[in-house]
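User: I would like a close look at the pockets of this protein. Please take me through them step by step.

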Amino acid sequence: MRTAFLPFSHACINEADISAVSEVLRSCRVAGDAQASQIEQCFCEYTGAREAVALSSATAGMHLVLAALGIGPGDEVITPSMTWVSTVNLIALAGAKPVFADVERDTLMVSAETIQRCVTPRTKLIIPVHFAGAAVDMEPIRRLAEWLRIFLVEDAAHALGAEYHRSRIGRTGTAVFSFHPIKSISTAEGGMLCSDNPLLAGFVRRLKFYGLGVDAYDRQGRGMPAEAEVLEPGYKYNMTDVSAALGLSQLARVEALNGRRTELAMHYLRRLEGIDEIVPLAVPQYTMRHAWRLFIVRLDTERAGMSRDAFMLKLGEKNIGTGLHFRPVHTQRYYRKTITVEPGSLANTEWNSERIVSLPLFADMTTADVDDVVDAVKAVLCGR
Ligand SMILES: *Cc1c(COP(=O)(O)O)cnc(C)c1O
């Protein structure tokens, strides 16, 4: 058994990152927008996006998108229940109604079919989630949204570097990325909105900084221009220069980070083959490039004779950290009380809810760490 605990994930920080952040700290210009505007430019170059707006989190980005689109009481927003709670919280806080689309059983992603079942005359927005680093099958969803004249925003929190039909996520449409420590690259906390719609990007850019119509204080270290005034009431969601410096340094090696996780994921897949109780997610068959942000498997609880929660606990006892992505939103207390879900309408979400577990995956892991995880999985299944 491992003597040191293997966390399920953590940010991979190297000396170059530390120097980049130190340099900003030494400059004493920690929250202007010099670094933040630079990361926007580099992000556009990397993803091919027309516009990018650096933010304090992906949650902030989703909030500003909902505000920009005027989502409010009487409106419905379709998104999966198998997602992080932030998007659904914002829909609820805006006074709109979240409507949950079921996911495909083996990819945990929504499809045009599962979305279509949720459409009503009140539907204003669809938010699909690229899951675990794979890309949603966007083509049919884009066609559906265009046909219905409904806005589409991609939750790309897991999808930095992922490609769909040979085009990077973020290049087409509107997508929101996260730089929380467990995502592909980290800025401690941070996010990025990409859009090919300059009107929407402009709105988000204004709203992220008090509605002032300027990006931040201190563009040239000289304070805010005297003519800056509130064009409309906004929020305080800009990315700091400290975060942006870390992000720039990380973005410069995103391909290496993603490549390393891909190697580790391939090693997992080889080593897990033949363990009947463990069923990895399927890799979609359409043309895409996986960013392998999470390595999620399903425990065949019947065959294993134990619950997923017990399995996670026993792996923890063997010094292996695990994650749960995600506990479906509709099963959480507030949403159980406030949202009625037709029985059976989220069958695949619920089936997976009992079985999914995320195994450790981050770029600093070694192949031997993956072997330790697989050995622990086998030991837990044998010792039941
Ligand atoms: C992490 C995550 C978010 C939120 O990102 P933050 O930057 O923490 O606000 C949103 N959606 C999904 C699917 C996520 O995994």
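User: From which domains does the lining of the second largest pocket draw at least three residues each?

Analyst: This is a predicted model, and in it the lining of the second largest pocket draws at least three residues from each of two domains, namely domain 1 (15–253) and domain 2 (255–381). The volume of this pocket is about 330 Å³, and among the 16 residues that line it, V99, F100, C118, T340 and S345 are the closest to its centre. Strand β3, which covers residues 97–101, gives the largest share of this lining, with four residues. Sorted by class, the lining of the second largest pocket consists of seven nonpolar, four polar and five charged residues.

The space in the largest pocket comes to about 380 Å³, and its lining is made of 22 residues, with W84, S86, S178, H180 and K183 lying nearest the centre. Helix α3 (58–68), helix α4 (85–93) and strand β9 (174–178) each supply at least two residues of that lining, and the largest share, three residues, comes from α3. In terms of class, nine residues in the lining of the largest pocket are nonpolar, ten are polar and three are charged. As for where the largest pocket sits, domain 1 (15–253) and domain 2 (255–381) both give residues to its lining, and therefore this pocket lies between them.

Definitions and conventions. Residues are numbered from 1 along each chain as its sequence is written. This is a predicted model: local features need pLDDT of at least 70, side-chain atom pairs count only at pLDDT 80 or more; totals for chains, interfaces and linings use all residues. Side-chain values use heavy atoms; hydrogens and water are left out. On a 1 Å grid over the protein atoms alone, a cavity is a set of points where a 1.4 Å probe fits but cannot get out, and a pocket is an open set with protein on both sides within 12 Å along at least five of seven lines; lining residues have an atom within 4 Å of a point. Grid points are joined across faces, edges and corners, and a volume is the space filled by probe spheres set on the points. Ala, Val, Leu, Ile, Met, Phe, Trp, Tyr, Cys and Pro count as nonpolar, Asp, Glu, Lys and Arg as charged, and the others, Gly among them, as polar. Domain bounds come from an automatic or database domain assignment.
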